[in-house]
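Me: Here is the structure I want to go through. Can we take the interface before anything else?

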Protein chains: 2
Amino acid sequence: MPEPSTPVALPPEHPLNDGRTSGSALIRAYRGERPEVTPVWFMRQAGRSLPEYRRLREGVPMLDSCLDPAMASEITLQPVRRHGVDAAILFSDIVIPLRLAGVGVEIVPGRGPVIARPVRTAEDVAALAELTLEPAALEPIAEAVRLTIDELGSTPLIGFAGAPFTLAAYLVEGGPSKDHLAARSMMLGDPETWEALMAWTARITGTFLRAQLIAGASAGQLFDSWAGSLSLDDYTTSAAPASAAALDVVRDLGAPLVHFGVGTGDLLEAMRDAGADVVGVDWRTRLDDASRRLGPTVPVQGNLDSALLAAPAAVIERGVRDVLRRGQAAPAHVFNLGHGVPPETDPDVLTGIVELVHRSGAEPR
Amino acid sequence: MPEPSTPVALPPEHPLNDGRTSGSALIRAYRGERPEVTPVWFMRQAGRSLPEYRRLREGVPMLDSCLDPAMASEITLQPVRRHGVDAAILFSDIVIPLRLAGVGVEIVPGRGPVIARPVRTAEDVAALAELTLEPAALEPIAEAVRLTIDELGSTPLIGFAGAPFTLAAYLVEGGPSKDHLAARSMMLGDPETWEALMAWTARITGTFLRAQLIAGASAGQLFDSWAGSLSLDDYTTSAAPASAAALDVVRDLGAPLVHFGVGTGDLLEAMRDAGADVVGVDWRTRLDDASRRLGPTVPVQGNLDSALLAAPAAVIERGVRDVLRRGQAAPAHVFNLGHGVPPETDPDVLTGIVELVHRSGAEPR
């Protein structure tokens, strides 16, 4: 019988199986251990804040850059080289699986994803095409992963996928929105259509994540940008089951799975119960409070307030130390921001935070 | 000695003092009583959803309409006539006191308030002018209130003001923003400038509310649209004191004061402690849970999910009854939405909800 830490559904040459990443600080922390040094990475570390990214992306539309394996891989690697973070996360966009499934979607600069034909009715949902691992619609994603892990060595790559609620909100609204009123109206007023839409979304985003894990990602994170617009009741009834279904698509692979949402202080337990191994926490909830809610076996990830990144160095350092201290309340802690890196962030500030987090691991607490 | 229910700082001919509104269902509920019928009004009831409003506003910029006493009064009265709600709320905009204090601000349709010169430094804050009740910069507001209460009779008018954090967020960002990162960066990185800005904002929005109450409004509500972007620690340290200062500007008047914010489930106690008599609850938090957090003496207001307004009638009715049932857990309950009326709402749906809430008051529970 294989040891429980050997994911049997992944090939022997997968980084989790061939010894490359299974002993890394990130994977050990995701598995519930306390490595000597607290691992650290930043949501949105690959992208907008780096001058080398802005140069590379010049003139290339966002979704095209995600679907160009060499470019996506290079962008994924940039922050690892520059900051020395403990993980890469695949440069992608949560709407990529929509695009690969044939949905008309573009990223409009300054606005966000815009859906050509919003999904509003049962007929609209029935017309959505499936996305399968064969015959290779997902090959550009898998190729980007393979190129990336060849360079990463022992640094794990995290697979990236949007949670079904956030994707469904974009599909129904047709673009970004404040309270996701049209999506929530469908959820409350036409639950059958909503459930069909969420089931489809769970399948395609789960398949997107599966392609990344099989190609060599060592962990996966589900991002639910908009879950915070839901009451706990509505989240539990009408969003969490689809997050669970998306995670179920990859569970047999045995890679650790992270579930993160924004504004989800009251939803943390439900996000855990959707089948996450690790829960990401935004800047609003103290990590020790979050860990109290999540219980003694759930590693947490987070949650330095991105608004601190523009503050004087001493204020940042105090914030980092506070997050590290509160993270001690959890069985394991992966340091991160409470949300994505803002575009105007000074990259040196991020590098300094990585050094501080790594240095702090060696200090007595 | 006057009875405690007689606000001594208001003139004898004020509706709270001359018997017009002190016995109304709204004021009794705000004072902690349970009138025979649950009072009901809707945030944003005056405005976008009504065809008579759209006709009246045609060609008139938003802030101009707020500063035209006859037009603001007529818009304020429209939903009372149409829906039979138990309160009017002055048609205004939270940036009106900024405009009256000389800040360059416009409402850009589809975007929201845009500030001509964002406030970013200590010098910017020092350059902000004061707003005083004399010599009558606030006269258009007071006149709108007087015109309105002359028509309202025994229906109370609620005064309207933005909370300091939300106003400060607009001032620093220069317009609407998602996470109010620039404002929160100033808050965390330059707390002295932030405190000066918040103190100024509290004074002008408090003065704006005071003008409405003195002119005849029977209650006041502070709206904190963006407070939900703050952690409890940051809210308590850096936002709540300014909300308290704004409420202090009007406390001597003795009118009931409501404090409402969006996404503030974890902030409810702090909002109460800022000196509110009543706490408004958004759609994310069940009223019985909110009341448990707020304790046995605090009336609650809310919180039907606006996303339900587009649902089939039976779904809306179930939602209304659920809110009424959960509201029974509080000492007193004023029915409202959990956020503003969406522009595309069918006005007849709102009228139907008023009838249902009033009818339900007479039924055994």
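Reply: Buried area is the accessible area (1.4 Å probe) that two parts lose on being put together, summed over both. This is a predicted model, where local features need pLDDT of at least 70, side-chain atom pairs count only at pLDDT 80 or more, and totals for chains, interfaces and linings use all residues. Residues are numbered from 1 along each chain as its sequence is written, chains are lettered from A and ligands numbered from 1 in the order in which they are written, and side-chain values use heavy atoms, with hydrogens and water left out.

Me: ok, how much do chain A and chain B bury between them?

Reply: About 2,400 Å², with 49% of it on carbon and sulfur atoms. On the chain A side, A:Leu188, A:Arg284 and A:Ala307 lose the most area to chain B, together 20% of what that side buries.

Me: how many residues does each chain bring to the contact?

Reply: Chain A gives 32 residues and chain B gives 32 residues, where contact means heavy atoms within 4.5 Å.

Me: and how many salt bridges across it?

Reply: The rule finds 4 between chain A and chain B; a salt bridge is a side-chain nitrogen of Lys or Arg within 4 Å of a carboxyl oxygen of Asp or Glu. B:Asp233 and A:Arg286 make a salt bridge at 2.5 Å, N to O. A network of salt bridges links A:Asp233, B:Arg286, B:Asp289 and B:Arg292.

Me: switching to salt bridges overall, how many over all chains?

Reply: The structure holds 42. One of them joins A:Glu52 to A:Arg82, with the closest N and O atoms 2.8 Å apart. A:Glu52 is in helix α2 (residues 51-57) and A:Arg82 in helix α4 (residues 69-83), both of chain A, so the pair ties together parts 30 residues apart in sequence. Helices here are DSSP runs (H or I, at least four residues), and strands are E runs of at least two, numbered from the N terminus.

Me: is A:Glu52 buried or exposed?

Reply: A:Glu52 counts as buried at 18% relative accessibility, whereas A:Arg82 is partly exposed at 29%. Buried means under 20% relative accessible area, exposed over 50%, partly exposed in between (1.4 Å probe, protein chains only).

Me: last one, helix α10 of chain B. What span should it have?

Reply: At 1.5 Å a residue, its 25 residues (191-215) should span 36 Å, and the end C-alpha atoms are 36 Å apart, which agrees. The expected span is 1.5 Å times one less than the number of residues. Of those 25 residues in α10(B), 18 are buried, so the helix is largely enclosed by the rest of the structure. B:Gly216 follows α10(B), with a positive phi near 140°.
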